[in-house]
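My entries follow in the order in which I made them.

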Amino acid sequence: MTASGRNHFLQRWLAAVLVLLISFWPAAPVQAWSWGGDQTSSKARGHHIVDASAPTGRLQEVSPPGAVQQLQQALNHYQPRLTLISPRDGSLLKTRRTSIELQIEDWPLTEDPQLGLGAHVALQIDDQPPLRFSQASQGRLTVDLPDLSPGSHRFSAYAAMPWGEAVKSPGASLQWRLDLLQELIGTQPDQDAPWLAVVSPAELGRGEPLLIDWLIWNAPLQNLREGDGRWRLRISVNGDSFLVDRQDALWLKGAGNGGVQMELLDGMGDPITPVFNNQFRSQDSLSGERPIWMQSKLSDQQIARLLGEAVPEPTPPAKPAGAVTTEQPFQLEQSDDPEPQPATPTPAEDTTSTPDPQSMEVDKDPIQLESQPAPARDEAPEPPDPSKARPSENDPAKTPSDRQPQAIASPPTPPEGANTNAPTSSLGGSARELLNANGTQR
């Protein structure tokens with residue numbers, strides 16, 4: 001074989017080997033980074049996804065206060081849902097002064113005069129602090145917006161706990177955009193671009209622990225398998241930073257005063273450029289009484305008041321055995337009918353009244369007076385005793401009130417010459433027939 005033939009055969013053989021290598025060589029994994037990552041350096045950093053980290057330095061993650069845990073448990077059975085009624089998303093407004101209307105379902109809006117704000121709805125405009133609302137009319141919340149600057153504005157609304165934390169369940173939050181007079185391109189995130197809403201630190205707290213909470217709109221799902229990190233949130237508190245990869249609220253101790261910065265990053269730690277993804281909130285030391293939800297425990301009455309529910313009656317303490325009761329005796333229920341009045345005794349029945357001397361007739365027969373029936377008594381009369389039939393007026397056994405008035409008859413005038421020393425009688429009636437005119441017995 002000539003030299004040219006050998007070279008031609010070698011070239012064909014090398015080409016066949018190259019084809020085989022290209023066909024069967026395993027393809028290198030292609031990492032697709034969303035949200036505008038640097039594709040020129042993605043090959044070099046394809047396996048350098050930054051991991052989430054816990055708070056470090058002076059910061060320490062702690063459990064929520066006991067009262068917060070009680071209220072969370074009481075609110076777990078609610079499924080809040082918010083709906084934008086007007087104006088519609090993307091509307092062009094013609095005037096600075098406008099209002100929005102939201103439909104709120106299955107969320108107990110309330111505010112107690114003594115305990116403070118309960119469950120409520122928060123509204124955020126662009127990157128401003130949230131506005132909070134605790135009243136609605138038949139499930140409709142109408143909000144008069146403050147003066148808006150001309151251009152495009154981003155809105156977000158969410159159901160909030162009494163301490164300001166956003167409810168993360170589906171349907172509990174929504175976001176939309178409105179343009180005043182004219183749309184300004186580049187001042188708002190794109191329709192599908194991710195953007196950050198800082199929920200806290202809220203102005204509701206006093207001291208520690210400090211609530212850290214946020215919402216990331218249009219954030220893709222991640223952590224479904226190992227190494228698929230799509231976004232990270234860097235939180236910096238007074239110089240101490242850490243990374244999180246989940247939308248769960250945090251309670252921090254050791255934050256002190258100063259400020260909180262939140263930055264939305266991609267999976268490799270690079271900033272995501274759309275608007276609102278790098279925000280700072282100052283954490284001022286607020287004076288005044290600590291909120292009720294920062295206590296270690298709430299009573300059933302306090303929980304009901306913060307949820308706008310009927311306040312249960314307090315349970316009376318158990319009485320120890322042998323304790324002296326101070327309860328009032330049992331009383332009959334009063335009737336609306338008037339009480340019967342006791343009957344006024346008639347003159348014949350009134351045995352205690354003093355007889356009127358002018359009403360006594362002196363010419364009546366005393367025997368007939370004594371034969372009149374005795375006044376009625378409450379007790380049954382005893383049988384008459386002959387020895388006590390005519391008691392003396394001086395009898396000490398009878399009181400003046402028990403004595404019956406008797407008429408005294410004037411004795412007849414004796415005739416002239418009659419013996420005035422003869423015994424006389426005061427008998428009258430049929431007893432006179434047994435006596436002579438001089439008083440002697442016939």
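**H120.** I looked up the side chain of H120 and found a polar contact with the side chain of R132 at 3.1 Å. A polar contact here is a pair of N or O atoms within 3.5 Å; within protein, one must be able to donate a hydrogen and the other to accept it, and residues adjacent in sequence count only if both atoms are side-chain atoms. H120 sits in strand β7, residues 120-125. I noted its relative accessibility as 0%, so H120 counts as buried (under 20% relative accessible area; exposed is over 50%, partly exposed in between; 1.4 Å probe, protein chains only). Leaving aside residues up to four places away in sequence, H120 touches, among others, W107, L109, F133, Y158, M161 and P162; contact means heavy atoms within 4.5 Å.

**Basis.** The model is predicted: local features need pLDDT of at least 70, side-chain atom pairs count only at pLDDT 80 or more, and totals for chains, interfaces and linings use all residues. Residues are numbered from 1 along each chain as its sequence is written, and side-chain values use heavy atoms, with hydrogens and water left out.

**Whole protein.** I count 4 helices and 19 strands, taken as DSSP runs numbered from the N terminus (helices H or I, at least four residues; strands E, at least two). Of the 442 residues, 33% are buried. Among contacts with a separation of 6 or more, 67% are between residues 24 or more positions apart.

**Salt bridges.** How many salt bridges does a search of the whole structure find? It finds 9, a salt bridge being a side-chain nitrogen of Lys or Arg within 4 Å of a carboxyl oxygen of Asp or Glu.

I looked at D112 and R305 next; their side chains meet in a salt bridge at 2.7 Å, N to O. This pair links distant parts of the chain, with D112 in strand β5 (residues 111-112) and R305 in helix α3, 193 residues apart. D112 is buried at 12% relative accessible area, whereas R305 is partly exposed at 28%.

D213 forms a salt bridge with K168, and the closest N and O atoms are 2.8 Å apart. Here too the pair links distant parts of the chain: D213 is in the loop between β13 (210-212) and β14 (214-217), K168 in the loop between β10 (151-160) and β11 (173-180), 45 residues apart. I have D213 as buried at 0% relative accessibility and K168 as partly exposed at 34%.

E183 and R177 also meet through their side chains in a salt bridge, 3.2 Å from N to O. Salt bridges that share partners join R177, D179 and E183 into one network. E183 is partly exposed, at 38% relative accessibility.

**Helix α2.** In helix α2 (residues 66-75) I list A67, V68, L71, A74 and L75 as the buried residues. Seen down the axis of α2 they fall within an arc of 125°, so they line one face of the helix; the arc is that of the directions from the helix axis to the C-beta atoms. Their cover includes β17 (250-253) and α3 (300-307).

**Sheet with β17.** I traced an open sheet of 3 strands in the order β1-β17-β13, with antiparallel pairing. Its edge strands are β1 (60-61) and β13, each pairing on one side only. Two strands pair if DSSP finds at least two bridges between them; for β1 and β17 there are 2 bridges. I checked Q60, and its bridge partner in β17 is K253.
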